[in-house]
Amino acid sequence: MEESLSNAVRDEPAIRQETTTMETDCPKDEQCPIVPEPDKLPTVPEVAQSQSTPEAPPEADRSDEPDKPNGTLSKRQRKKLLKLENWEQRKKEKRQKEKEKMKAKRQEAIQQGLPVRTGPSRKELKRRKVSYGEATIEVAVDLSFDQLMIDKDVAKCVKQLLRMYTLNRRSVRPVPLHFVGIEPGGAVERHLARNDGYRHWDVRFSSEHFMQLFKPSRVVYLTSESEHVLERLEQGCVYVIGGLVDHNQHKGHCYQLAQQHGIRHARLPLAEHLVIKTRTILTINQVFEILLNVHMGKEWQQTLLEVLPARKGVTPKTVPVATQDGANAPESGNAEDCQATAEQSG
């Protein structure tokens, strides 16, 4: 190969001279059939380059794929949309099968003379409405974090809201619930709309910020980063839970919000009543269930042991009697601030 390459390089001037002589001798007539061809002999750098550079693979034939103008869904997006539609259809079918199964169990229980249900009936639950005028506390969920969550986490957040509503609806002493800061047409509203009839829930939905709905003196933002401990629930206060499911990626965000707005903030008394060896981050519905149980008269320690999952491995801590009574407010100020403000607004 090297010998033939050197011979080609050596003979290159002679070949070029012969070609030039032929072109000179040939008459320049338009009817002359001889057309001089370009020099096809590769030079040494071209040969080396052709040997070192691999030949590019041919382009795939995409004649069978349709053109994708602006605004058209890609193949992956169409597949995802189809999967979502199929899931919605299967959800309705699954719900219908569950209804039929429950109906069959009910008929079997009636035939055997067993109690049909242990909790309140659906009609009783529908008649049970929250009295906002007689409420001692209120709970609001701040849902203004669409931009901080991916779609999967928004879906988890809405599921926790559904559990909150279910807990409150079945409670003997429900509290007024507010879902605020919902962006119109945003991810939270889109996932809420997947629950049929969510607008009929006994919940006050609002796109406004909680600072526009409640007086700042009534608001207590619950955040685990706060240095103030929530030792008792104050009458007339609105306890705000951050509706942010981010797996601790935006640590301290709710705490910073409370400081920016100049409102009170507090954390649940987990370390004061329990020995916890894991993280103290709780879900939205767990925080609400703790507030609901304490609102119904349960002790903090008992409530925390019941609500926190067993995987956290919590154990009770010896608590002084003074702490159980809860003589301090979540932050500096009189304990009657919320109650006085609520009476003035009422």
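## Aromatic contacts and a lined pocket

Tyr 165 is buried, with a relative accessible area of 10%. Buried stands for under 20% relative accessible area, exposed for over 50%, and partly exposed for what lies in between, with a 1.4 Å probe and protein chains only. The model is predicted: local features need pLDDT of at least 70, side-chain atom pairs count only at pLDDT 80 or more, and totals for chains, interfaces and linings use all residues. Numbering runs from 1 along each chain as its sequence is written, and side-chain values use heavy atoms, with hydrogens and water left out.

**Aromatic rings**

How many aromatic pairs does the structure hold? There are 6 aromatic pairs. Rings of Phe, Tyr and Trp (its six-membered ring) pair if their centres lie within 6.5 Å; planes under 30 degrees apart are stacked, over 60 edge-to-face, and the rest tilted.

Tyr 165 belongs to helix α5, while Trp 201 sits in the loop between α6 (187-192) and β3 (204-205), so the pair ties together parts that are 36 residues apart in sequence. Helices (H or I, at least four residues) and strands (E, at least two) are DSSP runs, numbered from the N terminus. Trp 201 is buried too, at 11% relative accessibility.

Phe 210 and Tyr 221 make another pair. Their ring centres are 5.6 Å apart with planes at 70°, so this pair is edge-to-face. Phe 210 is in helix α7 (residues 210-213) and Tyr 221 in strand β4 (residues 219-222), so the pair ties together parts that are 11 residues apart in sequence. Phe 210 is buried, and Tyr 221 is buried as well.

Tyr 165 and Trp 201 also share one aromatic cluster with Phe 179, Tyr 198 and Phe 205.

A pocket is an open set of points on a 1 Å grid over the protein atoms alone, where a 1.4 Å probe fits, with protein on both sides within 12 Å along at least five of seven lines; lining residues have an atom within 4 Å of a point.

At least two lining residues come from each of α5 (151-170), β5 (238-242), α8 (253-261), α9 (270-273) and α10 (284-295). Helix α5 gives the largest share, 4 residues. By type, the lining has 15 nonpolar, 12 polar and 10 charged residues. Here Ala, Val, Leu, Ile, Met, Phe, Trp, Tyr, Cys and Pro are nonpolar, Asp, Glu, Lys and Arg charged, and the others, Gly among them, polar.

**Positions from the record**

UniProt, in an unreviewed entry, places a "binding site" at Leu 222, Gly 242, Cys 254 and Leu 268. These residues span 47 residues in sequence, yet no two of their C-alpha atoms are more than 14.3 Å apart, so they gather at one spot. Leu 222, Gly 242, Cys 254 and Leu 268 also belong to the lining of the second largest pocket. Leu 222 lies in strand β4.

The unreviewed UniProt entry puts an "active site" at Asp 246. Asp 246 falls in the loop between β5 and α8. Such annotations may be inferred rather than shown by experiment.

**Loop residues and their partners**

Gly 236 lies in the loop between β4 and β5. Its C-alpha atom is separated by 5.1 Å from that of Ile 137, 99 residues apart along the chain. Gln 235 also lies in the loop between β4 and β5. Gln 235 and His 295 are 60 residues apart in sequence and 10.0 Å apart in space, C-alpha to C-alpha. Arg 311 is in the loop between α11 (300-307) and β8 (315-316). The C-alpha atoms of Arg 311 and Thr 278 are separated by 9.3 Å, at 33 residues apart along the chain.

The table gives accessibility for some of the residues named above.

| Residue | Relative accessible area | Class |
|---|---|---|
| Phe 210 | 1% | buried |
| Tyr 221 | 0% | buried |
| Leu 222 | 11% | buried |
| Asp 246 | 9% | buried |
| Gly 236 | 6% | buried |
| Gln 235 | 42% | partly exposed |
| Arg 311 | 72% | exposed |
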